[in-house]
Amino acid sequence: MRAALQSEIGQDKLEVVDDMEAVGFGPGKVRIRVKATGLCHSDLSAMSGVLPQPAPFIPGHEGSGVITDVGDGVTSHRIGDRVLVCWLPPCGHCPACKRGQGHLCLEAFGNVATPNFKRAAGDVFGFAGTGTFAEEMVVPAACAIPIPDDLPFDIAALIGCGVTTGLGAAINTAKVEAGSSVAVIGCGGVGISVIQGAKVQGAAQIIAVDPVASRREAALRFGATEAVSPEELADAKNRITAGEGFDYVFEVVGKSATAQKAYETTRRGGSVVVVGAGALDDNFQVNMFSLFFDEKKILPSMYGGGDVLRSYERTIALWRAGRIDLENLITHRVNLAEINDALDQMRTGVALRTCIEL
């Protein structure tokens, strides 16, 4: 089968090969024919080494498809089921899951260290234990979440990561209050989803911050009340909040420099919500006096900061009701042979989300 392969960490292009094999099928597993997958910035971070990932590997963790086989003991799925891929399914029995924090479940990370593909040259890993840049994949049944027939595969793929992460940051983690002021630093697919989540929650002012003009224009269509470049953020803070700072500032880039800017732009007693996934050696520092005196809340948000299965259901309900726009998040479409075009679209910022159709 065909797949997009990263042979070594640090390579900036993927090789499309046709001799890949999905392995590991057996009890408790399902085989999925991938229909659509989104390109998330986390895939680029894994390719560059910012996020730890063993190589060689197949990127992609935001996908959807059809189940073509089920292993022994799997009673929750049937051949032909339409599913989205959950790269971090809660196990239900670890301490985090028992506390109601399934998005912090560590058991699923065991899949990351287990190769789920191979070719003649040897074993191949799937990013985050999945690897959706392939025509077929084998994953634990818990990773395959059934979806309704009216949900298109391309939209379902986005719900598998980026949309859930962004909406959840606003709804679950920050719990944005109606009438509040919000700034979102970084307006790709996840940042736009944060904007939509803040709009759903009833924020009065939503300021989109991004260096790319096309993304600023897009943010206005998705619910931002104003869009500015990073250089214009200080002025926006002064105009909109009389210099006090925003109630909530979301960092959706994954760098300490933008996290610091988010902290500086948040009012005393407000919330800094860190959504971007950054590097192990990129440290964010706050002096102890400010931490105490300003009482700004620093809220990391992992995978939307809540029950991902419930978040999927909520997202589908909001989409059906017309409260959020998911169709127009997909600004570019490519086939697997054009995967490197998709990487360029992400790196240059021209794409909100690129859908790879398999």
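Student: Contact here means heavy atoms within 4.5 Å, so what is Val182 in contact with, leaving aside neighbours within four places in sequence?

Tutor: Val176, Ala198, Ala203, Gln205, Ile206, Ile207, Phe246, Tyr248 and Phe250. Keep in mind that this is a predicted model, where local features need pLDDT of at least 70 and side-chain atom pairs count only at pLDDT 80 or more, while totals for chains, interfaces and linings use all residues. Residues are numbered from 1 along each chain as its sequence is written, and side-chain values use heavy atoms, with hydrogens and water left out.

Student: Thanks! Which residues have the most contacts inside the largest nonpolar core?

Tutor: Ile32, Val182, Ile195 and Phe250, in a core of 97 residues. A nonpolar core is a set of buried Ala, Val, Leu, Ile, Met, Phe, Trp, Tyr and Cys residues joined through side-chain atoms within 4.5 Å. Buried means under 20% relative accessible area, exposed over 50%, and partly exposed in between (1.4 Å probe, protein chains only).

Student: And which helix gives the most to this core?

Tutor: Helix 5, residues 189-201, with six residues. Helices (H or I, at least four residues) and strands (E, at least two) are DSSP runs numbered from the N terminus. Another core, of twelve residues, lies apart from the largest one and has Ile207, Val209, Val249 and Tyr263 among its members.

Student: How many salt bridges does the structure hold?

Tutor: There are 13. One joins Glu136 and Arg31 at 3.1 Å, N to O. Glu136 is in strand 10 (136-140) and Arg31 in strand 4 (29-38), so this pair ties together parts 105 residues apart in sequence.

Student: Is Arg31 buried or exposed?

Tutor: Arg31 counts as buried because its relative accessibility is 18%, whereas Glu136 is partly exposed at 24%.

Student: Switching topic: how many aromatic pairs are there?

Tutor: Four. Rings of Phe, Tyr and Trp (its six-membered ring) pair if their centres lie within 6.5 Å; planes under 30 degrees apart count as stacked, over 60 as edge-to-face and the rest as tilted. Trp87 and Tyr303 form a stacked pair, 4.6 Å centre to centre with 20° between the planes. These two sit 216 residues apart, and both are buried.

Student: What about Phe289 and Phe293?

Tutor: Their ring centres are 5.1 Å apart with planes at 15°, so that pair is stacked too. Both lie in helix 9, four residues apart. Phe289 counts as exposed at 55% relative accessibility, while Phe293 counts as partly exposed at 42%.

Conventions
Contact means heavy atoms within 4.5 Å. A salt bridge is a side-chain nitrogen of Lys or Arg within 4 Å of a carboxyl oxygen of Asp or Glu.
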